Amino acid sequence: FEGFGMGLAEALIRGIPVVSTPAGCLDDVTKDAAVVVQVGDRPGFSDAVARLIEDSRYRAAMSNTAWGLVWPSWAEVGATVGAAIDQMEARA
């Protein structure tokens with residue numbers, strides 16, 4: 001179990017559409033750039049992958065959506081975490 005899905009995020013920020021089972025907040029951040037199928041739904045997973053391979057318009061639309069997603073940079077994440085740590089230390 002991965003609570004977020006960093007591998008998926010890394011693919012999406014490079015415009016690569018993904019097919020996945022539900023992973024943490026994946027649905028909240030991927031919009032239409034990911035196809036989410038339930039765990040154990042082998043036919044659904046297979047169909048989703050096949051459609052991405054065979055349907056170039058669908059793949060391009062998902063890729064364009066992926067490129068449009070806004071993700072914080074690692075520097076921004078570091079600054080946010082650092083600020084949270086500073087606030088906790090100030091309260092101690």
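Helices here are DSSP runs of H or I with at least four residues, strands are runs of E with at least two, and both are numbered from the N terminus. By that scheme, Pro-72 sits in the loop between α4 and α5 (74-91).

Welcome to a few exercises. The model is predicted, so local features need pLDDT of at least 70 and side-chain atom pairs count only at pLDDT 80 or more, while totals for chains, interfaces and linings use all residues. Residues are numbered from 1 along each chain as its sequence is written, and side-chain values use heavy atoms, leaving out hydrogens and water.

**Exercise 1. Describe helix α3 and find which of its residues are buried.**

Step 1: α3 covers residues 42-54, which is 13 residues. From first C-alpha to last, α3 reaches 18 Å, close to the expected 18 Å (1.5 Å times one less than the number of residues).

Step 2: Gly-44, Ala-48 and Leu-52 of α3 are buried (under 20% relative accessible area; exposed is over 50%, partly exposed in between, with a 1.4 Å probe and protein chains only). Viewed down the axis, these buried residues fall within an arc of 70 degrees, so they line one face of α3 (the arc is taken over directions from the helix axis to the C-beta atoms).

Step 3: On the other side of α3, the exposed residues are Arg-42, Pro-43, Asp-47, Ile-53 and Glu-54.

Step 4: Check the N-terminal end. Asp-41 caps α3 there, with a side-chain oxygen 2.8 Å from the backbone nitrogen of Gly-44.

**Exercise 2. Work out how α3 and α4 pack.**

Step 1: The two helices meet at an angle of about 100 degrees, and their axes are 5 Å apart (axes are lines fitted to C-alpha atoms, for helices over the stretch in contact; angles run from 0 to 180 degrees between N-to-C directions). That makes α3 roughly perpendicular to α4 (65 to 115 degrees).

Step 2: List the partners. Arg-51, Leu-52, Ile-53 and Glu-54 of α3 meet Ser-56, Tyr-58, Arg-59 and Met-62 of α4 (contact means heavy atoms within 4.5 Å).

**Exercise 3. Is Ser-63 buried or exposed, and what does Ser-63 touch?**

Step 1: Ser-63 belongs to helix α4. With a relative accessible area of 16%, Ser-63 is buried.

Step 2: Setting aside neighbours within four places in sequence, Ser-63 is in contact with Gly-15 and Pro-17. A polar atom of the Ser-63 side chain lies 2.6 Å from the backbone oxygen of Gly-15.

Methods:
Polar contact = N/O pair within 3.5 Å; in protein donor to acceptor, adjacent residues only side chain to side chain. Parallel < 35°, antiparallel > 145°, perpendicular 65-115°, else oblique.
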